[in-house]
Amino acid sequence: MSVSPQLPVLDFSEIGPRVGSRLADVRLPDQAGRLVDLHTERGHRRALVVFYRSARW
Amino acid sequence: MQLVELQDAWQNLQRKRVAIFAISYDSVEVLAEFAEKRRISYPLLSDEGSHTIRAFGLLNEEHLVQQHAFYGIQTREEQLGVAYPGTLVLNAQGVISDKYFEQSYRVRPTARIFEEYALGKSTAASPPKDAPRATGRGLEVRVWTDARTYRPYQQVRLHVHLVVAPDMHVFASSGAEEFTPLSLQMEPLDGLEVGQPALPAPRRLGFKGLEEQFLVYEGSIRGMIPLRFTKNLGPSALTLHVKYQACTSTLCFPPTTLRVAVSLDGLDLIRD
């Protein structure tokens, strides 16, 4: 009997920044080459921080 | 595609004072080109070299290769260094209040879902006025989707609103054997994947003179069926079959199946 391969299940509660912790500082250039400090740019607003694979593929 | 969906959500989120940041390992040049082409208003942050991604523990190494192998795709050298796709929700103090990381990169959030991540689910959201509906004895059903269009691999949610007539009930699945339980079945469509319908927990109901208790639904019920197109089928109808048996406190009507459909138009996959 053949078994079809299963994708290993990842537990994202253990991967990446933890819920309940303050996001560490992020300072990266944006699409205009301007250096952005995430928390400064955010100010006192809530935020969505979206990680994605690539804008190219 | 997520970047385009985020842009669709941008105006509403800006109004509600929610900032948006997107991070990838792309160079500034790649991001500049994309931002111009797709008219992106929010910051696309360039983590070239994946240092931030790595520091956050979000480097998708082995799993990417395994995922590709699973789908029969060869991993290219340039693809190593990517992040796991997902969203962190920050509160006003910058603390992570929620985290949404997909298991499969092939199921992607829509603008509406991004808005819900930031603003919470609008559970009070009632069916749109023109939501297709079907009515049978003891039950009315209305269905709608978040948007009138879909792209392959996006989370399409079919919302189902059931209203049981007053002083009547329908049997829930795993209810009594002799009665037909409520079932929600999508008409199959090649290129459509259907997930498990989500329904609230039924209520226990006892009847005078009967020892047995039954699991039933009464009043207004909201359900949702998660769906995914694996290709652009162009204009498509999502047809739901609702099988049920409605009863009053003294008698039951014969089992019935209602059929109701919602139309969607297909758009092409955008690679991002």
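Mentor: Let us begin with pairing: two strands pair if DSSP finds at least two bridges between them. The model is a predicted one, and in it two bridges join strand β9 (residues 169-171) of chain B to β13(B), the two running antiparallel.

Trainee: What makes β12(B) and β13(B) a pair?

Mentor: Four bridges join β12(B) to β13 (residues 213-217) of chain B, and because the criterion asks for at least two bridges, these strands count as paired. Their direction is antiparallel, and B:R203 stands opposite B:V216 in β13(B).

Trainee: How do you know whether β13(B) is enclosed or open to the outside?

Mentor: Buried means under 20% relative accessible area, and four of the five residues of β13(B) are buried, so this strand is largely enclosed by the rest of the structure.

Trainee: What lies between β12(B) and β13(B)?

Mentor: The two strands form a hairpin with six residues between them, and B:G209 in the turn has a positive phi of about 85°. The loop between β12 and β13 of chain B also holds B:E212, which belongs to a negative surface patch together with B:E177, B:E178 and B:E211.

Trainee: Why is B:E212 called partly exposed?

Mentor: The relative accessible area of B:E212 is 39%; because exposed means over 50% and buried under 20%, B:E212 falls in between and is partly exposed.

Trainee: What makes the phi of B:R39 worth a remark?

Mentor: Most residues other than glycine have a negative phi. B:R39, in the loop between α2 (28-38) and β2 (44-46) of chain B, has a positive phi of about 55° although it is not a glycine. Likewise, B:S50 has a positive phi, near 60°, and its place is in the loop between β2 and α3 (51-55) of chain B.

Trainee: Are B:R39 and B:S50 buried or exposed?

Mentor: B:R39 has 68% relative accessibility and therefore counts as exposed, since the cut-off is over 50%. B:S50, with a relative accessible area of 3%, is buried, because that value is under 20%.

Conventions:
Residues numbered from 1 in each chain as written. Chains lettered and ligands numbered in written order. Predicted model: local features only at pLDDT ≥ 70, side-chain atom pairs only at ≥ 80, totals over all residues. Heavy atoms only, no water. Patch = residues over 30% accessible without salt bridge, like charges linked within 9 Å, V, L, I, M, F, W, Y side chains within 5 Å. Areas by Shrake-Rupley, 256 points an atom, 1.4 Å probe, with all protein chains shown as cover. Salt bridge = Lys/Arg side-chain N within 4 Å of Asp/Glu carboxyl O. Lys, Arg positive; Asp, Glu negative; His and termini not counted. Charge placed at Lys NZ, Arg CZ, Asp CG, Glu CD. Buried < 20%, exposed > 50% of the residue type's maximum accessible area, 1.4 Å probe, protein only.
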